[in-house]
Amino acid sequence: MEPGEGIAARDAADRPLLEVRGLRCEIDTTAGTAYVLRGVDLEVPHGRTLGIVGESGSGKSMLLKSVLDLVPSTAHLSGSVEFDGIDVRAMPAGQRRRMLGRRVGIVFQNPMTSLNPVVSIGVQMAEASRFHLGLGRRAARELAADLLDQVGVPNAAKRLDDYPHQFSGGMRQRVMIAMALTCEPDLLVADEATTALDVTIQKQILDLLQRLQEERRMAMIIVSHDLSIVAGRTDEVVVMYAGRIVERRPTDELFRGTPHPYVRALRAAIPSLDTPAHARLATMRGAPPSVFDPRPDPAAAEIEDLARWCSALEESA
Amino acid sequence: MTGSMTDGAAVRAPYLREGALLTVDGLECTFRTPSGPVRAVRGVTFDVMPGETLGIVGESGCGKTTAGRALLRLAPAQAGSVVFDGVDLTRLRGRALRATRRSLPMIFQDPLSSFNPRRRVVDIVGEGLAIAGASRQEIRRRTDEVLEQVGMSREAVGERRPHEFSGGQCQRLAIARALAPAPKLIVCDEAVASLDVSVQARVLNVLQEIRERNGLSLIFISHDLAVVRVVSDRIAVMHRGRIVEIGSAEAVYRTPAHPYTRRLLDAVPVVDEAERHDMPAPEFVDEDWASVDRDLVEVGPDHFAALSPEALDAFRDAVGSGAA
């Protein structure tokens with residue numbers, strides 16, 4: 001048992017599973033300091049689903065990496081990250097890895113780069129249970145077969161001896177999900193987990209994640225560039241822009257009232273299934289500020305500009 | 001080795017129209033692989049009128065990209081005919097083929113990998129004209145013209161090379177390059193798939209403006225059904241190498257007739273569930289009623305799907321009761 005876990009269990013009910021305060025990430029590069037996260041606050045309650053949405057470069061992946069301490073050594077982190085009441089950033093590195101490795105499961109976008117192509121699925125799946133749970137070879141294999149079965153891989157026991165290339169894209173992603181579930185995590189993170197998949201397969205995988213989350217009462221974070229993926233499947237959504245969270249709302253109220261101008265602009269740019277042919281999409285002017293901009297809030301002017309633009313757009317509609 | 005050899009080409013598909021700019025009839029594309037032949041495109045037939053945009057949608061492996069490549073003879077077609085502006089492209093060889101290809105440019109998903117990284121972007125845009133033997137002045141004038149059409153300029157582009165541009169800028173440069181030889185039709189294969197939504201919107205708008213201004217026809221191949229909806233007049237749905245449904249964008253999206261089309265539309269994630277239409281759901285007792293191998297039959301005005309007569313009845317019942 002990790003130190004602090006007993007205390008955490010006592011008031012686990014009223015404290016969020018993950019609590020991030022004022023998280024900053026600055027990375028030294030040859031082009032200067034990159035201000036990747038400019039102060040992020042975030043909470044994920046037990047058993048709830050949080051969606052993180054943003055365009056490329058907004059910092060959504062780096063937010064995850066910073067929380068899980070997967071950043072390169074040139075990165076400077078500040079701010080606090082508490083997981084189940086434990087101050088993650090104050091822990092010694094080895095202890096932190098052991099705890100997060102066991103209690104957080106991650107599914108990335110491209111299973112082919114996360115899986116080892118020359119090791120069978122069964123052996124790769126057993127790694128986590130042997131390391132974190134101390135299972136023997138046989139028990140680890142049985143657990144792997146059971147998990148594959150749960151995520152809907154047909155002939156699970158037989159397929160343990162197959163290699164990653166013998167699985168289709170959707171099946172490979174199911175293998176990744178099974179691996180992420182190995183240690184019965186409290187938090188499952190899906191980082192663009194369905195981006196590379198066809199729409200019908202994407203729906204299957206998102207349905208599967210939702211079912212597993214409900215059955216196991218896990219908390220879940222879905223990270224996506226696609227607002228529509230997050231829209232129907234989360235309790236709360238945060239929208240990132242230029243290293244900051246610019247909007248945070250319960251999902252079913254995301255578009256109610258007057259959301260942040262960036263959210264309104266983003267919504268207007270997404271084509272929908274009933275857009276008439278040859279309609280023009282609303283295109284926001286300008287681009288997010290440079291990641292190297294040292295001002296504390298370089299996006300302020302852009303956002304004011306966006307707000308005026310949104311108002312004009314909504315009046316003309 | 002042309003369409004007349006196969007029995008499929010004997011009957012003209014009911015949805016082919018007179019006066020089309022491009023008519024693809026019974027296109028077949030088979031690849032030999034170590035595990036046996038793969039029939040990537042199986043008897044695909046469609047046409048594109050002048051100034052019209054045809055969207056081709058389908059999931060990976062359905063043959064949409066191969067079909068697009070085969071009509072430009074970038075993939076080998078074993079059978080079928082591709083008649084563009086009165087010329088059968090499948091019969092062209094050598095110089096004549098190359099000359100015709102210039103008037104049928106293509107825009108790919110990843111422009112960076114289709115640009116020579118060591119050349120200046122202004123030269124890349126004008127390259128087609130240079131190969132066609134245009135004079136230096138002519139190339140300069142036309143390059144300025146097409147750069148302006150995609151919202152860029154010679155001054156802004158300067159001496160820069162492809163890697164110095166963002167993804168959205170690269171895609172606009174790819175459009176400029178495609179426009180340079182003043183084509184009548186451009187094939188766009190996943191042209192906006194790698195872009196952020198705000199950038200995607202800008203590129204789509206540029207494409208639409210250019211289409212309107214120049215009276216261009218487009219073939220827009222994409223896996224993204226919402227994007228296809230915005231740009232297309234007509235839509236063809238491909239599944240396992242065949243077209244299973246084709247028709248006006250309105251008809252295909254509002255009253256999808258083939259179960260595969262319905263499944264596809266149903267799986268598309270939407271920001272707001274309200275934008276998903278109530279689709280008529282006919283009951284198909286027999287799965288074979290809507291197999292991919294059925295011929296396409298007329299199910300409504302400018303709307304065709306691979307359905308059996310029984311399935312067609314069921315569909316008409318469902319649409320009728322939905323409207324009532």
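Domain bounds here come from an automatic or database domain assignment. On that basis, chain A of this predicted model is divided into domain 1, covering residues 46-69 + 92-257, and domain 2, covering residues 259-317. Taken over C-alpha atoms, the centres of domain 1 and domain 2 of chain A are separated by 30 Å. Where the two meet, 11 residues of domain 1 of chain A and 12 residues of domain 2 of chain A take part in the contact. On the domain 1 side, the elements giving two or more residues are helix H10 (227-231), strand E9 (236-241) and strand E10 (244-250) of chain A. By class, this side of domain 1 of chain A holds 7 nonpolar, 3 polar and 1 charged residues.

Chain A contains 12 helices and 10 strands, and its C-alpha trace spans about 65 × 50 × 45 Å along the principal axes. A compact globule with 317 residues would have a radius of gyration near 20 Å, and the 21 Å of chain A agrees with this. Of the 317 residues in chain A, 39% are buried. Among contacts in chain A with a separation of 6 or more, 67% join residues 24 or more positions apart.

Attention now turns to the meeting of the two chains. Here 31 residues of chain A are in contact with 32 residues of chain B. On the chain B side, two or more residues come from each of helix H8 (197-214), helix H9 (225-231), helix H10 (249-254) and helix H11 (259-267) of chain B. H8(B) gives the most to this side, with 7 residues. The chain B side divides into 16 nonpolar, 7 polar and 9 charged residues.

The largest nonpolar core has 182 residues, of which Leu187(A), Ile219(B) and Val237(B) touch the most other members. Helix H8 (residues 169-181) of chain A gives the most to this core, with 8 residues. Because domain 1 and domain 2 of chain A both give residues to the core, it lies between them.

Tyr260(B), Thr261(B) and Leu264(B) are among the buried residues of H11(B), together with Pro259(B) and Leu265(B). In chain B, the buried residues of H11(B) pack against H9, strand E9 (234-239), strand E10 (242-248) and H10, and in chain A they pack against helix H9 (199-216).

Note on methods. Residues are numbered from 1 along each chain as its sequence is written. Chains are lettered from A and ligands numbered from 1 in the order in which they are written. This is a predicted model: local features need pLDDT of at least 70, side-chain atom pairs count only at pLDDT 80 or more; totals for chains, interfaces and linings use all residues. Two residues are in contact if their C-beta atoms, placed from the backbone, lie within 7 Å. Helices (H or I, at least four residues) and strands (E, at least two) are DSSP runs, numbered from the N terminus. Ala, Val, Leu, Ile, Met, Phe, Trp, Tyr, Cys and Pro count as nonpolar, Asp, Glu, Lys and Arg as charged, and the others, Gly among them, as polar. A nonpolar core is a set of buried Ala, Val, Leu, Ile, Met, Phe, Trp, Tyr and Cys residues joined through C-beta atoms within 7 Å. A residue is buried if 20 or more other C-beta atoms lie within 10 Å of its own, exposed if 12 or fewer, and partly exposed in between; C-beta atoms are placed from the backbone. The radius of gyration is taken over C-alpha atoms; the globule rule is 2.2 Å times the number of residues to the power 0.38.
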